[in-house]
Amino acid sequence: MTSITRPAAEPTAHGAAVRRAVTVRPGMCGPSSLFMGLLGDWTWETVSALCDTDVFTARDDAGNPTYLSFYYFRVRGSRAFHPRMLTFGDRLDIVSGCYDQGSESVLTLHRISRSGDGEAERPLDPEEFHLARRDNCLYVENFNRWVTRGRPGSNQGLVKSSPPGFRHERLPALPDRFSPRVVYQRARSGLTFRDPADPEYQALPGGVTVEHPVDVVRDVNGVGLLYFASYFSMVDDALLALWRQRGGTDAAFLGRTVVDQQICYLGNADVNTVLTLTAASWRHTGDSGDELTDVVVRDRDTGRVLAVSTTRTLATPPHSSGRTRHDIHPRPAAGRDGSARA
């Protein structure tokens, strides 16, 4: 995909908005981390445009580089429009806006629609994201915090440090009922975004733990930090391992309909770290095609939790109009005697 260079802000009834028209290109779709990385770029561009701060070159009062790190990331779609459906040549309209979260952080929302759907001119509204989502739109919520390295050469112990001149006061306020803080605090304390008391989802047997040495070729960004979008690839590694354990095919894994994915980032890691990715699933009692899967990312040697993710998938109808038509239901795993088992 490509976006308009340094998009300009325009005033709306809900605060300033940044609008983009983009075309999906081969390097920006397929693996989930590619699209998530692009969303992250749009967030940094939006904050730069709306807060009078060049996020890409920001420095703190002491002159140290400071980074608008991702703390909470959520993508919400529908069977009609979800990230796996994007392919070469799709033309999209994106409306983005920021909301005041104080001097150390900021919340950004994006609404993505297909060009020609008539959605691009509608104002961005957090109430739509939370209470009135449309099936023909993708919605993205990012909560970011300013951080800098606490120790030279280390990715551990990052500390809060916003750049001087970060203009957040004129951003619209986010209604308290839509604050992500309660949501990510649950993930931080309970290691899940699920409501553990919800009787509608029951745990599925089994789980997996995958080891993942930090890959210096793929996982590290241009300033030596573990790249936020790499976590999406790690989560997919754990989801795929669980999928295969339950007898699912790789082709069917690609055909999943992911309608909601949340990640809370709790730390970073140095390049010589080995991570563990632990996955477990819950299935809706009234809909066998509705599943939630948690993935927890830890430092193997210290047990330190680096990230928590919950992904919701829905079964794709057999005659879905989407581009991906694989049967996503995993087949029963074979027992030791070769017979199928539930």
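Guide: A residue counts as buried under 20% relative accessible area, exposed over 50%, and partly exposed in between (1.4 Å probe, protein chains only). The structure is a predicted model, in which local features need pLDDT of at least 70, side-chain atom pairs count only at pLDDT 80 or more, and totals for chains, interfaces and linings use all residues. Residues are numbered from 1 along each chain as its sequence is written, and side-chain values use heavy atoms, with hydrogens and water left out.

Visitor: Why is R244 called partly exposed?

Guide: R244 has a relative accessible area of 47%, a value between the limits of 20% and 50%, and therefore R244 is partly exposed. D250, with 40%, is partly exposed as well.

Visitor: What makes R244 and D250 a salt bridge?

Guide: The term asks for a side-chain nitrogen of Lys or Arg within 4 Å of a carboxyl oxygen of Asp or Glu. The closest N and O atoms of R244 and D250 are 2.9 Å apart, and the two form a salt bridge. The structure holds 19 salt bridges.

Visitor: How do you know that R134 and E119 form a salt bridge?

Guide: Their closest N and O atoms lie 3.4 Å apart, which is within the limit of 4 Å. The pair links distant parts of the chain, 15 residues apart, with R134 in the loop between helix 2 and strand 6 and E119 in the loop between strand 5 (105-114) and helix 2; here helices (H or I, at least four residues) and strands (E, at least two) are DSSP runs, numbered from the N terminus. R134 is partly exposed at 38%, whereas E119 is buried at 5%. Both residues belong to a network of salt bridges that links R111, E119, R122, E128 and R134.

Visitor: Why is R194 called buried, and what is the relative accessibility of D294?

Guide: R194 has a relative accessible area of 13% and D294 has 5% relative accessibility, so R194 counts as buried and D294 does too. Their side chains meet in a salt bridge of 3.0 Å, N to O.

Visitor: Is D135 buried or exposed, and how do you know?

Guide: D135 has a relative accessible area of 53%, a value over the limit of 50%, so D135 is exposed. D135 lies in the loop between helix 2 (126-131) and strand 6 (137-148). Leaving aside neighbours within four places in sequence, D135 is in contact (heavy atoms within 4.5 Å) with S78, A80 and F81.
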